Each structure stands twice: as structure tokens, then as C-alpha cells.
Amino acid sequence: MHRERALGLLDRFHGAHVIVLGDVMLDRFVYGSVQRISPEAPVPVLSIERTLDMPGGAANVARNVVSLGARCTLLGVVGADEGAFELRSQLAKFPAIATRLIADSSRLTPLKIRYVADGQQVMRADRERRDALSTDSATKLLADLAAAIAQGDILVLSDYAKGVLTDLVVRESIAIAKRAGKPVIVDPKSTNLSRYRGATVLTPNRQELQNASGLECTTTDQVCHAAREILAAGVCEVLVVTRGKEGMSVIEAGGKFVHLPTEARQVFDVSGAGDTVIATLALSIASGGAIEDCASFANLAAGIVVGKRGTATVTPVEVLAAMPKLETGADPSKIYSTEHVLRLAREWRARGERIAFTNGCFDLLHPGHISLLEQARNSADRLIVGLNADDSVRRLKGAARPIQGEISRAVVLAAVKSVDAVVIFSSDTPLELIKDLQPDVLVKGSDYTLETTVGAAEVLSAGGQVLFAELVAGHSTSETVRRVADPSAS
């Protein structure tokens, strides 16, 4: 994929809205260490150090969607239990996810508990019931989808075979989306792929395709043959077959076939990797990408997420940083991942160069921003700009912001001569980034004080300097947005 085309597609994620319907669940990770074997049975004794809960299943698909800068409506069913309360609490942390979860007291909220000893998963325990969804809950779920479909660009059905995606729900969901002119992408679990008839794209893994087709799917040719059998039956338009370390194969109804080798660099944990694939694929399709480009993005994102621990997500800057793998030639931009910008900072310091740091949302770049950046650059040899990610901006400034996606904002900043590097951070403040970078100069506008400047104490204690730049009167992003919304008020 050419970099310009890839950047354009990635940037359009900001304007996309994905509707996810399926089996929501709670993923719980219990971390500890093992130092002895139980005297009661030949099993290890896990000394628990911490527990971490995360949204799982369809909820993790939603989390991946917003992590990539888009908006999401999540539809599902939970029980009236502790798992449902915790799942709702976890999802409330993501303002870009509009959550519509139906409470059904007859069901359990699926819970997956993974026990991890010294970085290695030693056991998984599941608490769940796979009963088919009641007619009453199915009717409510489909009504919620019918009400939400007009807002979305694409529908994702995330099937974990926990009973929510019954034949009725699948059939009617696809019909609702098709009537609205929306594509449908399905992560299937059923061995009967024909139950998803009418979907645009199915994303089975190699084993699921083999089970569904009854054909051996070990080699690329065998995968292609089995996929064409499914396509010939008119089940869907495209099959994207995930094949683990073998990568991903894309087979279209018209006969076109392409194989994408794996992009994984080091595999730590495959938990939720399929959720990342379907979220990235859905966003790419919703953003107008060709299916091969969409699959390339999904393949790249999967390679990133399996290098993380736990039910992880991928951000646009991580995709951007890995993008040179998709093409030949060096990356000419100044946009870096945290890992790369820290490495760059070490190289600059080794040459005796001083580093300045400033941060912000930089939603609509104006003369005030340019003045701040120039003053910051004049205070040191190099300037690193920390940029709030889209989801961070939404938490700070409301659902209507940012006006531009993080990739657009980063590209504009990178084009400013005084800026040497741009790094996107997802937290609400850049405190951890400042601690890691340890800039020689921390720069903020003169409307800040030492007490209100995040990281000031840390920079000063390390022997650095805090500089308050002079502001250019009459320029602010909020004021610009207000004037655009109401020109008569200028």
C-alpha cells in the first residue's frame, strides 16, 4: 500500500461510526507468580499480585474501534450480575462508545478469567451460559439496532457463540443493515457459514473455514479452494481468512485472491487479536478503502496487537509507525510512536543537543499555536510536541471535539518547520511521557502557572527549565470553532 493512500485511509477513521452487535463479555486477568507446587495436588500455587478487568468479545471490538480514532455504538445483552456492573463501568471510560446493553436477568454476563504467572498464561476459567437469547431480548436488541443503524457506516456482528447471535438475530440484523444500505462484516463462530448469508465480509480463521467447508485448509491453495466453495454458494462477497503465523488471505467472489504474510514481530499474547482485525477491517471498509488495502491495515494491526500483553488495542500512531513495513523507502514524516521518540531523544542527547517539549490538542492550528511552537523551538536545539489522541480530546473537551482526527493534526504539526518530532499520547495528561522524556525545557502558554503545568515539578527536580511562552491575543481553537458555528457572533 502506498503511504499517501494509507495515510488518507487512516485519517478518515476519525469520521467513521461503526455499529457493533454481538456477545459482550468481561475479560479478567489475574497476575501473579508461582514459587511452589501445591501439597494438595500436583498443581502450581499462584500468588496473586493484581487483577485487571477489560471489556471483552464484542465490547473489545468496540474498544478497538475507538482506539483507532472512530466512534462506535455497541449493542449487546448482559445479565443482572457483578460482571455486568463491572463491564458497564469499564465501557464508561470510553466516551466515543455509545453503549446500549440490554439487561436480562435470566442470563449470565460471560466472564473469562485468565491466570498469568510470571508473564505466562497458565490457566483460563470461563463463567458463562450459552443459552439462546430469549425472543423478548432478541426483539429489544433488533429494535435498538433499527434505531441506531442510520447513524453508522457499517455493521459488525461479533459472534462468540454465547447465544446472543441466534439465527433470528443474525438474519434480521443483516436485513436491517441491507435495507439501510450499510455493509455488514461478520466474525463468525458457527460451522454453518450460510447462516450469515447476505453479509458483505466474513472473517473466519483457518480452522473455522476448515470446519465450515469440510475441506482441508493447511496450504494457501487449500484455503483458497475452500473459500471459493463458500463464495460460490452466495454466502457473502468476500472472505478474509486469518491464518495465525501464516498471515491473512483475501478471496473475493469475483475470483480475485491475495495473500498477506504475517506482520507480527514478536508474539506475547493473541488474546483479542481477532477483535483488532475485525475492528480495523470494518473501519477501513467504512472509510472507503479497497478490500486489499483494508485487509493490509487489519493484518498490520494484528501484528502490532499480538506484541502486547492482555486484551490489547491498537492506535493510529502505532499503525503509522509500523507503516514502512508496507512499502519500500524511508518514512519522511516526523510522527513517531512513544518508543521511537524516546530512542530519538537519546540520540539527540548523545550529540549534546537540548530538548524542549510542549503539548496540546492543536485541533485547528492558528497563529497562537505557531508562536508557541517557535518560542519553544528557540529555547532548545530540538522540539518534541506531545499531541492528545482523539479519545483523550473527547474526554477533555466533549463529544464534538476534536474537529480533525489525530492523524490530520499530527501531519499538520509535522509540517511546521520549528517542530522536530510529534508523538501522540492517549492519556488525559502527558505526565508519563514527560517523565520518560525528561525534557530540558518544558514549554506552556503564559496562561499557565507552575502549579497548573503538568510535569513542571518533575522537570524542575531533574534540573530542567519551565518556560511560559507569550500568547498571541485573539487566537484560540475554541473561539475559532465558535465563530464557524455562529458567524453572526463574530
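This is a predicted model: local features need pLDDT of at least 70, side-chain atom pairs count only at pLDDT 80 or more; totals for chains, interfaces and linings use all residues.

Visitor: Thank you. How many cavities of 30 Å³ or more does the structure hold?

Guide: The structure holds two cavities of that size. Rolling a probe the size of a water molecule over the atoms shows where empty space is left.

Visitor: How much space lies in the largest cavity, and which residues line it?

Guide: The largest cavity holds about 60 Å³ of space. Its lining consists of D23, V24, V77, V78, G79, R107, L108, P110, R129, K162 and V164. Sorted by class, that lining has six nonpolar, one polar and four charged residues.

Visitor: And what about the second largest cavity?

Guide: About 40 Å³ of space lies there. The residues lining the second largest cavity are L10, D11, F13, H14, L68, G69, P316, D390, G405, E406 and I407. By class, five of these are nonpolar, three polar and three charged.

Visitor: Let us move to the backbone. Where is P402 found?

Guide: P402 is found in the loop between helix 13 (390-397) and helix 14. The peptide bond from R401 to P402 is cis, with omega near 5°.

Visitor: Now for helix packing. How do helix 4 and helix 5 cross?

Guide: The axes of helix 4 (residues 135-148) and helix 5 (residues 167-179) come within 10 Å and cross at roughly 15°. Helix 4 is therefore roughly parallel to helix 5, and their crossing is right-handed. Helix 4 makes the contact through A138, L141, L142, L145 and A146, and helix 5 through L168, V169, E172, S173 and I176. By class, this contact has eight nonpolar, one polar and one charged residues.

Visitor: At what angle do helix 6 and helix 7 pack?

Guide: Helix 6 (residues 206-213) and helix 7 (residues 220-232) pack at an angle of about 55°, with their axes 10 Å apart. The two helices are therefore oblique to each other, and helix 6 passes helix 7 in a left-handed crossing. R206, L209 and S213 of helix 6 make the contact with V223, A226, A227 and I230 of helix 7.

Visitor: One more pair, please. Are helix 8 and helix 9 roughly parallel or roughly antiparallel?

Guide: The axes of helix 8 (residues 273-286) and helix 9 (residues 291-305) come within 8 Å and cross at roughly 150°, which means that helix 8 is roughly antiparallel to helix 9. The crossing of helix 8 past helix 9 is right-handed.

Visitor: Which residues meet there?

Guide: From helix 8, A273, T276, V277, T280, L281, S284 and I285 meet I291, C294, A295, F297, A298, A301, A302 and V305 in helix 9. By class, the contact has 12 nonpolar, three polar and no charged residues.

How values were computed. Residues are numbered from 1 along each chain as its sequence is written. Side-chain values use heavy atoms; hydrogens and water are left out. Axes are lines fitted to C-alpha atoms, for helices over the stretch in contact, and angles run from 0 to 180 degrees between N-to-C directions. Helices (H or I, at least four residues) and strands (E, at least two) are DSSP runs, numbered from the N terminus. Angles under 35 degrees count as roughly parallel, over 145 as roughly antiparallel, 65 to 115 as roughly perpendicular and the rest as oblique. A crossing is left-handed if the near helix is turned anticlockwise from the far one by less than a right angle, and right-handed if clockwise. Contact means heavy atoms within 4.5 Å. Ala, Val, Leu, Ile, Met, Phe, Trp, Tyr, Cys and Pro count as nonpolar, Asp, Glu, Lys and Arg as charged, and the others, Gly among them, as polar. On a 1 Å grid over the protein atoms alone, a cavity is a set of points where a 1.4 Å probe fits but cannot get out, and a pocket is an open set with protein on both sides within 12 Å along at least five of seven lines; lining residues have an atom within 4 Å of a point. Grid points are joined across faces, edges and corners, and a volume is the space filled by probe spheres set on the points.
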